[in-house]
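This briefing covers nonpolar surface, nonpolar cores and aromatic pairs. The structure comes first, then the points by topic.

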Amino acid sequence: MLVKIVITPKPEILDPQGKAVAGALKDLGYDEVSDVKVGKYIILKLSPSPGLKLEERVDEMCRRLLANINVESYTVEILEG
Amino acid sequence: MRFGIVVFPGSNCDYDCYWGLKNDLGFQVSFLWHRQRSFEDIDCIILPGGFSYGDYLRSGAIARFSPIMEAVLKHARKGSPIIGICNGFQILTEVGLLPGALLRNESLRFIHRPVHLRIEQQDSKFTKGYSVNRTIELPIAHGDGRYFASQHILTELENEGRILFRYSSPEGRLTAAGNPNGSINNIAGICNSEGNVMGLMPHPERRLNASVGGTDGRPLFMSVAEAFA
């Protein structure tokens with residue numbers, strides 16, 4: 001089973017990397033781009049254990065280690081198979 | 001005063017701390033390996049600068065789960081002193097001993113140069129030896145040094161007098177030009193509400209001897225030694 005986690009800086013946090021990328025896209029003529037946020041994409045491969053709630057486990061992993069919830073938001077996508 | 005310097009894989013200011021505290025200031029110093037689960041006969045813990053675990057994920061995010069950190073948390077709960085310098089400050093915020101976070105420098109550049117700092121508090125156990133509103137000069141060397149905290153936390157830090165160092169002009173004015181990394185309210189160093197855990201981005205351990213550029217780091221360690229003797 002694959003779990004995909006996307007971590008981005010919270011909207012109120014200044015993201016200088018996103019700003020720099022937005023500036024570069026504008027320089028290339030992509031004027032339709034109004035904002036860019038640069039974050040992280042984490043892929044977990046795991047075998048769910050019976051009796052443990054997968055969603056809760058992954059959410060706990062995000063809060064404890066993968067994201068810093070003071071400054072980052074995350075979304076989790078669980079893919080079967 | 002016996003100092004214990006925690007060595008993580010990727011620490012690189014551990015020997016600077018060791019050498020300066022031992023040879024320039026005459027303290028007893030030992031290294032503590034991050035795999036240790038306990039330590040004895042240590043008065044003050046130092047989490048040194050560097051790139052623990054390669055700064056993977058976020059600076060300090062993995063080091064905070066090192067086996068030794070349980071003992072470090074216990075040390076903090078006892079009211080014993082802990083100093084986090086640079087990467088050590090990042091680890092202290094990740095482990096929750098200090099509030100806020102250290103984000104990528106506003107310029108996106110690694111900045112390595114001396115900066116001016118204004119001493120904000122004289123009654124803290126880490127700054128007693130300095131004169132308040134005086135400026136000192138210490139080097140910084142970091143890519144992730146932009147202090148950030150929510151408005152609620154900032155108000156708490158201000159009201160409780162927990163901001164100990166701010167980036168400033170040489171005359172002590174809080175200017176944007178004097179702020180190297182975009183830290184909110186020019187914050188360079190803070191302490192917890194109990195006053196025994198402190199973190200700062202600049203490197204006091206690199207200014208303990210005139211032959212290496214100055215002695216502005218000395219009063220910090222002397223203050224701790226006196227306050228927690």
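**Nonpolar surface and cores**

Strand 1 (2-9) and strand 2 (40-45) of chain A each supply at least two residues of a nonpolar patch; strands are DSSP runs of E of at least two residues, helices runs of H or I of at least four, numbered from the N terminus. The model is predicted: local features need pLDDT of at least 70, side-chain atom pairs count only at pLDDT 80 or more, and totals for chains, interfaces and linings use all residues. Residues are numbered from 1 along each chain as written, chains are lettered from A and ligands numbered from 1 in written order, and side-chain values use heavy atoms, without hydrogens and water.

Surface
- The patch is formed by L2(A), V6(A), Y41(A) and I43(A), with about 350 Å² of accessible area together (Shrake-Rupley, 1.4 Å probe, only the protein chains shown as cover).

Core
- I83(B), F165(B) and F221(B) touch the most other members of the largest nonpolar core, which has 65 residues (buried Ala, Val, Leu, Ile, Met, Phe, Trp, Tyr and Cys joined through side-chain atoms within 4.5 Å; buried means under 20% relative accessible area).
- Helix 2 (residues 68-77) of chain B gives the most to this core, six residues.

Aromatic pairs
- Ring pairs (centres within 6.5 Å) link F3(B), F27(B) and F221(B) into a cluster.
- Both F89(B) and Y147(B) are buried.

Notes
Buried means under 20% relative accessible area, exposed over 50%, partly exposed in between (1.4 Å probe, protein chains only). Patches are made of residues with over 30% relative accessible area and no salt bridge: like charges are joined within 9 Å, nonpolar side chains (Val, Leu, Ile, Met, Phe, Trp, Tyr) within 5 Å. A salt bridge is a side-chain nitrogen of Lys or Arg within 4 Å of a carboxyl oxygen of Asp or Glu. Rings of Phe, Tyr and Trp (its six-membered ring) pair if their centres lie within 6.5 Å; planes under 30 degrees apart count as stacked, over 60 as edge-to-face and the rest as tilted.
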